[in-house]
Amino acid sequence: MNEIINTIVSLFEKLTDEEKASINSALSGLFERPIPCFISELSTFNEEELVVTKNTINELILTRENVPDLLEAYERLKNNDLPQKVSFGHLTVD
């Protein structure tokens with residue numbers, strides 16, 4: 001259990017203050033209890049809560065690092081003739 005706590009602490013350090021507050025608020029709501037001091041409270045979490053916490057923080061980091069800059073992409077592509085319609089073909093049911 002100490003290994004997962006160490007992993008959570010390591011991941012948590014990569015977050016901005018705003019992200020830390022957001023994670024704290026989300027997990028407080030999910031676990032239906034206040035989490036006043038996140039890092040020191042980890043030892044009170046059960047194994048399932050630790051896994052959820054680790055996965056939540058990890059997904060936030062992955063999303064932040066891998067989501068493209070949409071404004072930059074729009075600027076780069078705004079003068080291209082892009083398709084205006086998307087279609088997926090026809091579904092035939094027997």
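At 14% relative accessibility, E19 counts as buried, the term denoting under 20% relative accessible area, with exposed meaning over 50% and partly exposed in between (1.4 Å probe, protein chains only). The model is predicted, so local features need pLDDT of at least 70 and side-chain atom pairs count only at pLDDT 80 or more, while totals for chains, interfaces and linings use all residues. Residues are numbered from 1 along each chain as its sequence is written, and side-chain values use heavy atoms, with hydrogens and water left out.

Four salt bridges are present in the structure, a salt bridge being a side-chain nitrogen of Lys or Arg within 4 Å of a carboxyl oxygen of Asp or Glu. One of them joins E19 to R64, with the closest N and O atoms 2.5 Å apart. Because E19 lies in helix α2 and R64 in helix α4, this pair ties together parts that are 45 residues apart in sequence. Helices are DSSP runs (H or I, at least four residues), numbered from the N terminus. R64 is partly exposed, at 35% relative accessibility. A salt bridge also forms between R33 and E49, at 2.8 Å between the closest N and O atoms. R33 is located in the loop between α2 and α3 and E49 in helix α4, so parts 16 residues apart in sequence are tied together. R33 is partly exposed, at 26%, whereas E49 is buried, at 12%.

Helix α2 (residues 17-31) has 15 residues and reaches 21 Å from its first C-alpha to its last, close to the expected 21 Å; the expected span is 1.5 Å times one less than the number of residues. The buried residues in α2 are E19, I23, N24, L27, S28 and F31. They cover an arc of only 165° around the axis and therefore lie on the same side of α2, the arc being that of the directions from the helix axis to the C-beta atoms. E18 and S25, on the other side of α2, are exposed. Just after the helix, E32 takes a positive phi of about 55°.

Three aromatic pairs are counted, for rings of Phe, Tyr and Trp (its six-membered ring) with centres within 6.5 Å; planes under 30 degrees apart count as stacked, over 60 as edge-to-face and the rest as tilted. The F12 and F38 rings are stacked, because their centres are 4.4 Å apart and their planes at 15°. F12 is in helix α1 (residues 2-12) and F38 in helix α3 (residues 38-41), so the pair ties together parts 26 residues apart in sequence. F38 is buried, at 4%. F38 also pairs edge-to-face with F45, at 6.3 Å centre to centre and 90° between the planes.

Technical notes: Helix = DSSP H or I, 4+ residues; strand = E, 2+ residues; numbered from the N terminus.
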